[in-house]
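Trainee: I would like to learn how the words used for a structure follow from their cut-offs. Could we go through one together, a term at a time?

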Amino acid sequence: MSEVELKKEVGKVVTKYLSSKQKSLWQGDKELFKELARKITHHIVEREAQSSRKIQAVNAALRTKIETYIDSHGHEAVNKLKRKRKRSDKDEKAHNGSKRSHQGSRFGESDDHSER
């Protein structure tokens with residue numbers, strides 16, 4: 001199974017498990033659900049690709065392994081994503097605040113109007 005195929009199959013298992021058994025992790029926040037599913041899927045595929053095992057198909061053992069990983073590390077992943085969101089929100093607000101202070105000036109004009 002190629003890495004692309006593995007990612008697709010693991011993604012199916014992750015999204016199904018998150019949407020049915022672990023709704024409490026993402027609490028109806030669709031964007032958080034997407035970020036969480038993507039992060040978990042990429043992590044699992046990366047780990048499996050690093051191992052010496054060659055995966056032929058997503059079987060019951062791998063499915064159980066994925067579900068166990070989500071059960072034990074899901075809350076930690078959600079907390080990391082939420083902290084990341086807060087940081088990016090702060091960065092965006094700071095960036096927008098600096099944009100507003102420069103809105104009045106056009107290209108080629110100086111902010112110093114005493115030159116007129």
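Mentor: Let us start with Glu35, which is partly exposed, with a relative accessible area of 27%. Keep in mind that this is a predicted model, in which local features need pLDDT of at least 70 and side-chain atom pairs count only at pLDDT 80 or more, while totals for chains, interfaces and linings use all residues. Residues are numbered from 1 along each chain as its sequence is written, and side-chain values use heavy atoms, with hydrogens and water left out.

Trainee: Why is Glu35 called partly exposed?

Mentor: Buried means under 20% relative accessible area and exposed means over 50%, with partly exposed in between, using a 1.4 Å probe and protein chains only. The value for Glu35 is 27%, so Glu35 is partly exposed.

Trainee: What makes Glu35 and Arg85 a salt bridge?

Mentor: The term asks for a side-chain nitrogen of Lys or Arg within 4 Å of a carboxyl oxygen of Asp or Glu. The closest N and O atoms of Arg85 and Glu35 are 3.3 Å apart, so the pair is a salt bridge. This pair links distant parts of the chain, since Arg85 belongs to helix H4 and Glu35 to helix H3, 50 residues apart. Asp29 joins Glu35 and Arg85 in a network of salt bridges, and the whole structure has 6 salt bridges.

Trainee: How do you know that Lys34 and Glu31 are separated by about one helical turn?

Mentor: They are 3 residues apart in helix H3, which means about one helical turn. Lys34 forms a salt bridge with Glu31, their closest N and O atoms being 3.6 Å apart. Lys34 counts as exposed at 52% relative accessibility, whereas Glu31, at 46%, is partly exposed.

Trainee: What makes H3 a helix whose reach is close to the expected one?

Mentor: Helices are DSSP runs of H or I with at least four residues, strands are runs of E with at least two, and both are numbered from the N terminus. H3 has 21 residues, and the expected span is 1.5 Å times one less than the number of residues. The expected value is 30 Å, and H3 reaches 30 Å from its first C-alpha to its last. Over the protein chain there are 4 helices and 0 strands.

Trainee: Why is Thr41 called buried?

Mentor: Its relative accessibility is 6%, so Thr41 counts as buried. Thr41 is in helix H3 and touches Lys7, Val10, Gly11 and Val14, not counting residues up to four places away in sequence; contact here means heavy atoms within 4.5 Å.

Trainee: What makes a group of residues a nonpolar core?

Mentor: The members are buried Ala, Val, Leu, Ile, Met, Phe, Trp, Tyr and Cys residues joined through side-chain atoms within 4.5 Å. The largest such core has 23 residues, and those with the most contacts inside it include Val10, Leu36 and Ile70. The largest share of this core, 7 residues, comes from H3. In soluble globular proteins, nonpolar side chains tend to be buried together.

Trainee: Is Ser51 buried or exposed?

Mentor: Ser51 has a relative accessible area of 19%, and therefore it is buried. Ser51 lies in the loop between helix H3 and helix H4, and a polar atom of its side chain is 2.8 Å from the backbone oxygen of Glu48.

Methods
Polar contact = N/O pair within 3.5 Å; in protein donor to acceptor, adjacent residues only side chain to side chain.
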